Amino acid sequence: MSDSETIAAGYAFTGPALDLGALLWDGAPLPDAQIRIPLPMLNRHGLVAGATGTGKTKTLQLIAEQLSAQGVPVFLADVKGDVSGISAPGTANDKVAGRAAEVGQQWTATGFPAEFYALGGIGHGIPVRATITGFGPVLLSKVLQLNQTQEQSLGLIFHYADTKGLELIDLKDLRAVVTFLTSDEGKPELKNIGGLSTATAGVILRSLTAFEAQGMADFFGEPEFDTSELLRTATDGRGMVSVLELPAVQDKPQLFSTFLMWLLADLFHDLPEVGDADKPKLVFFFDEAHLLFNDASKAFLDSITQTVRLIRSKGVGVFFVTQTPKDVPGDVLAQLGNRVQHALRAFTPDDQKALKATVKTFPNSAYDLEEILTGLGTGEAVVTVLSENGAPTPVAVTRLRAPESLMGPIDPAVLDQAVKSSSLYGRYAQAVDRESAYEKLSEARPAPAETPKAAAKKAPAKEDESMVQQVVGSGMFKSLARSVGTQIGREITRSLFGTARRKR
């Protein structure tokens, strides 16, 4: 058996699989040697990497199409605004026909069922919001770029709000709680929650004010997005492709990358264990993954590692999308069993170092991968996946198939129409500002000084009673028991990332 036949045999799976393309051998594709990924192995996670312009987005589109066709829902983050075309049939032309003939593909122009979302409703899409309580202190610290001490202090503030039944819906709620804790009547409360210093609370307050001044308030509030929406299938049985449109927030990378992690964390602690299933419940593509790991604290990285490790058993596959494997921490990279590596550049010493590091992440092969990775054309990649028995397949240089949907954005008017005609639009389009911590604390503030005669008519408060004790004892505060998801005196249960658990 020749080397090419040995490689092809490593991808001859018996069960359902996704077709990536044809094996490239001696510079020519071999249509009879198909490179594939077993469908049940998609929850073993993966990496799609490569330099800018090498075809990563088209690879995501290709994989997403086939997952949808197999009834598997998909989540895609559309950073550049060119993934919306997955909802429309592709355009036949000589280039597409030539690629299909080379790789043995029966190409048919096909659109796939899609929902379009936008963070906070900024841009085209159904608004995706999170409550501050739901988002949690760890992820919010990443967005606010707090240091480790400040992150721990923010955690204490959340703990305080949770135990006092002060629901944090939006930024003004959190700011109200921090403002109260740094006020004269609130400072005694600081001593009861682990030594939170007034100075650190002040830093957090200033960070919140600056964050809100940058126009970030729209991302937090209600109705909070229910991540189970990402698990839907269309009426014809195909998986729904959920596209999060991000072009309008490209200048806020810390925010959108952390929001993607919130979506994943929320899915993680809400989904039941399913073990190894015939196909995933969802495949989640985490684009611009390096933004998530940049300047991340150890606690944050540990939480990512544990989430990725455990979410597999809940039927969710995660594909990180970035330029080189070194953008992903080693503990996370070790869990990514399916690899599609597009071309890398080696123009600088740093590029050459990244190239060598990338080669070391692949199984041993007969290829000179350093040479091959710098010579791949657009739409070509080095592939290795997990076989049906969980073992790595041979490294295969592959010419990838062409997506069958539109390779580019759909018309903005068509996109807007798709959004407004969605059954989810009415549920999430209009922001709701119900009574929460801001209103509770505002109403609980002492009234302006009264005349001695008016004051004498009222029984004085106990001298040793703190402001919050007065709040808790009031009928106004007790109404919080009727608020969704919060009970007085009962702390919110939080997950790995400090995100609030909720019942569907």
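Which helix gives the most to the lining of the second largest pocket? Helix H2 does, with 6 residues.

Colleagues, before I continue, a word on the basis of these values. The model is a predicted one, in which local features need pLDDT of at least 70 and side-chain atom pairs count only at pLDDT 80 or more, while totals for chains, interfaces and linings use all residues. Residues are numbered from 1 along each chain as its sequence is written, and side-chain values use heavy atoms, with hydrogens and water left out.

I begin with the pocket. The second largest pocket has a volume of about 640 Å³. Of the 30 residues that line this pocket, Thr54, Gly55, Lys56, Lys58 and Thr378 are the closest to its centre. At least two lining residues come from each of H2, helix H3 (94-103) and strand S9 (316-322). By class, the lining has 9 nonpolar, 12 polar and 9 charged residues.

The terms are as follows. On a 1 Å grid over the protein atoms alone, a pocket is an open set of points with protein on both sides within 12 Å along at least five of seven lines, a cavity is a set where a 1.4 Å probe fits but cannot get out, and lining residues have an atom within 4 Å of a point. Grid points are joined across faces, edges and corners, and a volume is the space filled by probe spheres set on the points. Helices (H or I, at least four residues) and strands (E, at least two) are DSSP runs, numbered from the N terminus. Ala, Val, Leu, Ile, Met, Phe, Trp, Tyr, Cys and Pro count as nonpolar, Asp, Glu, Lys and Arg as charged, and the others, Gly among them, as polar.

The whole structure holds 2 cavities of 30 Å³ or more. The largest cavity contains about 50 Å³ of space. Helix H2 (56-69) and strand S4 (74-78) are the elements that give two or more residues to its lining, and S4 has the largest share, with 3 residues. Among the lining residues of the largest cavity are Thr57, Leu60, Leu76 and Asp287; the lining divides into 5 nonpolar, 1 polar and 4 charged residues.

The second largest cavity contains about 40 Å³. Its lining consists of Phe75, Tyr117, Val128, Phe225, Leu230, Leu244 and Leu263, which divide into 7 nonpolar, no polar and no charged residues.

Next, the aromatic residues. There are 16 aromatic pairs in the whole structure; rings of Phe, Tyr and Trp (its six-membered ring) pair if their centres lie within 6.5 Å, and planes under 30 degrees apart count as stacked, over 60 as edge-to-face and the rest as tilted. Why is the pair of Phe259 and Trp262 edge-to-face? The ring planes of Phe259 and Trp262 stand at 75 degrees, with the centres 5.9 Å apart, so the pair falls in that class. Because Phe259 and Trp262 are 3 residues apart in helix H10 (residues 253-270), about one helical turn separates them. Phe284 and Phe286 form a tilted pair, 6.0 Å centre to centre and 50 degrees between the planes. Phe284 is buried, at 0% relative accessibility, and Phe286 is buried, also at 0%.

Finally, charges over rings (NZ of Lys or CZ of Arg within 6 Å of the ring centre and within 35 degrees of the ring normal). Lys142 places its charged end over the ring of Phe300, 5.6 Å from the centre. Lys314 lies over the face of Phe268, at 4.6 Å from the ring centre.

How values were computed: Buried < 20%, exposed > 50% of the residue type's maximum accessible area, 1.4 Å probe, protein only.
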